[in-house]
Protein chains: 2
Amino acid sequence: MSVRRGRRGRAEAEANGPKRQVDYHNLTSPFPTMNVFTEDRIEAMHAAALSILEDQGIKVLLPEARQLFKAGGAKVDETSEMVFIGREIVEAALTSAPKRVDIKAAVATRDVSLSLGRFVFQPGAGCPHATDRIRGRRPGSARDYRELVQMSQHFDVIHMIPPLVEPQDVPMNLRHYELMKTQLIHSDKVPFVFSRGTPQVMDSFEMLKDFRGLSEDEFRGASHCYTIINTNSPRVIDVPMAQGLIDFARAGQASIVTPFTLMGAMAPITVAGAITLSHAEAMAGIALTQLANPGAPVLYGTFTSNVDMKSGAPAFGTPEHFKASLAAGQLARKIGLPWRCATGSAANTNDAQAANETQFALWGCLLAGASVIIHSAGWLEGGLTNSYEKFITDVEVLQMVAEMCRETMAGDAEIALDALIEVGPGGHFFGAAHTMQRYETEFYQPFSSDWSNFGTWTERGSQSADERATGLWQKIVNQARPAPHVDAARVEAMDSFIDRRTGEGGAAPES
Amino acid sequence: MSVRRGRRGRAEAEANGPKRQVDYHNLTSPFPTMNVFTEDRIEAMHAAALSILEDQGIKVLLPEARQLFKAGGAKVDETSEMVFIGREIVEAALTSAPKRVDIKAAVATRDVSLSLGRFVFQPGAGCPHATDRIRGRRPGSARDYRELVQMSQHFDVIHMIPPLVEPQDVPMNLRHYELMKTQLIHSDKVPFVFSRGTPQVMDSFEMLKDFRGLSEDEFRGASHCYTIINTNSPRVIDVPMAQGLIDFARAGQASIVTPFTLMGAMAPITVAGAITLSHAEAMAGIALTQLANPGAPVLYGTFTSNVDMKSGAPAFGTPEHFKASLAAGQLARKIGLPWRCATGSAANTNDAQAANETQFALWGCLLAGASVIIHSAGWLEGGLTNSYEKFITDVEVLQMVAEMCRETMAGDAEIALDALIEVGPGGHFFGAAHTMQRYETEFYQPFSSDWSNFGTWTERGSQSADERATGLWQKIVNQARPAPHVDAARVEAMDSFIDRRTGEGGAAPES
């Protein structure tokens, strides 16, 4: 029988044949972009945002930032700390900001290039807690952070390391050492630096430069790390955020300006209103980077979802979240900058709701044409927890999305008229030559999904995707080793630096 | 405080104010369509499909169907039962097939209109088993079928009733009475009729006409029900399927021709090859309907996914499934017919995998521009089981998709410059007039998702989405009543008909 022949042939080929090669690193979007508003409405939102910045102003808590705005031509009221940013300042900033932001990793194959039409994934970030099925939900620790960095390193479809979890067992004045050291040792991907004041930022830059063996010029000549700047909506840029924008811009490092505007809470209840506010704040942040250093790498960003109006609880992966992403994408295309968008879920466990909300919002980001899609793995409880198991089940979806970026051929060989003639009515293609040549490489192979039938699945213990994910992350974490580029002498030098700085008291965050 | 004022104001408005109105019935797609192949490759696939039909032929097991093909100009070999369908026959059929198929329900508000650019949802269909958390997995019964019809009736976002589950406790010769009676009594939506031979089909038409009070002319003058025709890939149309195509076409009732082509099994392993085969078979089926009755309502369809090449197990919600849907959508747009596409999952329980696969494939259908999206709620184990709980969690996603079809405004009122001025830096919008006017109506309200925080969720028993869904379907089923249009005299007449036909031995299915 041809099935048997096919199976035997396959066993042989498995030993010798070609294996499936995947490249989830350089993803160009195959997805069409979707608009939620007409172009004239986008123009109206942009105009409203410009008028807010010019006429209503934005509160900037850092004197140095107000000085920069003032020197750039903005009207500044030092008493109220309000800055009124004329549209010519914003327009100049949008012109000087680069349309493509490249960030160097430890190795060239991990570099990322951010521009409209391409996208990268970041896992869930900013979580005070971590959770998994073995140890339960707990305040994030250095160990959790390290393990989540190791998991981020493991999957090629994760392109940048965000602040996955807060290592709350490390004092705030020393935490930035732990974060940078862990990223540098356990990952060769693009690292993240918190903007919690100049001293911490400078320490982090120093560690990165030394570990990568970069001269000051080499470091400043390209981005080697990134930060995320959340404005305090509505219309406040606080001290560490403003300082971060300035420090990163002056050092030529990338910042992502991301207002976090929850519709009905810190922003108007309408998508159009919330995104207009978000747009104004993002442009203010971008303007500050360009005043500090024209041409500095900066990304536009948004994180706009809605709250439950009964309880005030934030929600994610909602239709309104999706529409807000689309609106932000339209504005990003208008100004031409690469931009960050976010998925997310308010679910409390890695169940169908969690999967559905995260994937729904993910499609919002994809159809919005986002360049950086954050919180795309592990993020639960509206970001209060990073779930190891959800990290696994979400990465499966990210890999499926990445598969959509692979070109699919429809040449004569793929249309397969020969095979269609070879296999007659009522036959099957298991043993066809056309199948045999491709059966190992044609299809995506999931790593966490279980396609076995109900009987087999039951015999194996009726495990849910959440339960199966536990063994998968445990294996990744247990087998993780320092990234291949890690040099013992450099680690030693880094440890000495940390020891010295710790002895000096570290660097307290600014607020 | 304005939050308090806001909350009090809300309590008052809750008693008197406008409630959120939703219409999930008439859905025009807001989504862009996505191509997987270039237009010239689609032309090449279409040409290959035409040449297969013309030169390789398709096996048609029903003599009457071969006669129709022969009378229409096809070359027929009676010994091999092969029919060679010239391209002019196919082209004539694609011309005479209507570009819009309207199907009447019990009430006009439930009618469906199927054409490119619009879409309807059907829940999971064809499942031999049903499952829920209370009664476990079991062979489908009449009770399961009734309950799933009641659930389909309950949600406006479900537009047509498919064969949700096989009521295996009803003998095959009587099952069609049970199916039609249950649909007519418990739903006012568009009903489904199995094509299991002319006697069953005619019985079903009779019941439908009598119950709806339609004259023969009224019945034949419009579609009042539909059937789904699966070819036996590769290249066989069996007796009941061919008979169904003829019977439905002659009666002016809608059929959906859906080859079920699993890549690497009953179809070539490549997307292009599998969809070329599916396209050829669908066009053969469409041609038969038009030969039987030019202008008869017929939908193009596809259900193409891949198998796990290690085990042969079917998989759904894969990247290849997604790409196949896109390719079929391109061909559907080429021929201009409304068409059916399918989502699905191979998961064995309503977990993150099940949610992710179903939603991933759903986006494939949406971006492919499908007119009918089947298996969009409840379908587990690659269709072997219909899950009550998954029905609930999937409908939440369908409602969120339907919300995307609602126009979102970005007029001056929504851009909300006034509110943006009213709420100063660091303030919030909870109590703003702009919020107060809209807080009850602006956002989608989920019915199964839980947005409470971790503490509250834990106090309430840490229920997963799957667990919460149990109470939701139980309430729906317990509160379900016969559809409002049901008339006691008509039910009595239907019972008499069924009694009489049962006494006559019913109607055995043909094979």
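Predicted model: local features only at pLDDT ≥ 70, side-chain atom pairs only at ≥ 80, totals over all residues.
Chain A contains 19 helices and 18 strands. Its radius of gyration is 24 Å, close to the 24 Å that the globule rule gives for 511 residues, so chain A is as compact as a globular protein of that length. Along the principal axes, the C-alpha trace of chain A spans about 85 × 60 × 45 Å. Of the 511 residues of this chain, 59% count as buried, and among the contacts in chain A with a separation of 6 or more, 77% are made by residues 24 or more positions apart.

The contact between the two chains takes 94 residues from chain A and 94 residues from chain B. On the side of chain A that touches chain B, helix α12 (residues 352-368) of chain A gives the most, with eight residues. The residues of this side divide into 54 nonpolar, 25 polar and 15 charged.

A:Val236 lies in strand β10 (residues 236-237) of chain A, and it counts as buried because it has 20 C-beta neighbours inside 10 Å, where 20 or more are required. Leaving aside residues up to four places away in sequence, A:Val236 touches A:Lys59, A:Leu61 and A:Thr231, and also B:Pro425 and B:Gly426 of the other chain. The C-alpha atoms of A:Val236 and A:Gly57 are separated by 9.5 Å, although these residues are 179 residues apart along the chain.

In chain B, helix α5 (residues 142-154) and helix α18 (residues 465-479) have axes that come within 9 Å and cross at roughly 95°. An angle of 65 to 115 degrees counts as roughly perpendicular, and α5(B) and α18(B) are therefore roughly perpendicular to each other. From α5(B), the residues B:Glu147, B:Gln150, B:Met151 and B:His154 meet B:Trp473, B:Ile476 and B:Val477 in α18(B). The residues of this contact divide into four nonpolar, two polar and one charged.

Chain B also holds an open sheet of four strands, which has the order β8-β7-β18-β17 and mixed pairing. Strands β8 (138-139) and β17 (379-380) of chain B stand at the edges, each with a single partner strand, so one side of each is left without a neighbour in the sheet. The pairing of β17(B) with strand β18 (residues 385-387) of chain B is antiparallel and runs over two bridges, and B:Trp379 stands opposite B:Asn386 in β18(B).

Technical notes:
Residues numbered from 1 in each chain as written. Chains lettered and ligands numbered in written order. Pairing = 2+ DSSP bridges. Buried ≥ 20, exposed ≤ 12 C-beta atoms within 10 Å, placed from the backbone. Contact = placed C-beta atoms within 7 Å. Nonpolar A, V, L, I, M, F, W, Y, C, P; charged D, E, K, R; others polar. Axes fitted to C-alpha atoms, helices over the stretch in contact; angles between N-to-C directions. Parallel < 35°, antiparallel > 145°, perpendicular 65-115°, else oblique. Rg over C-alpha atoms; globule rule 2.2 N^0.38 Å.
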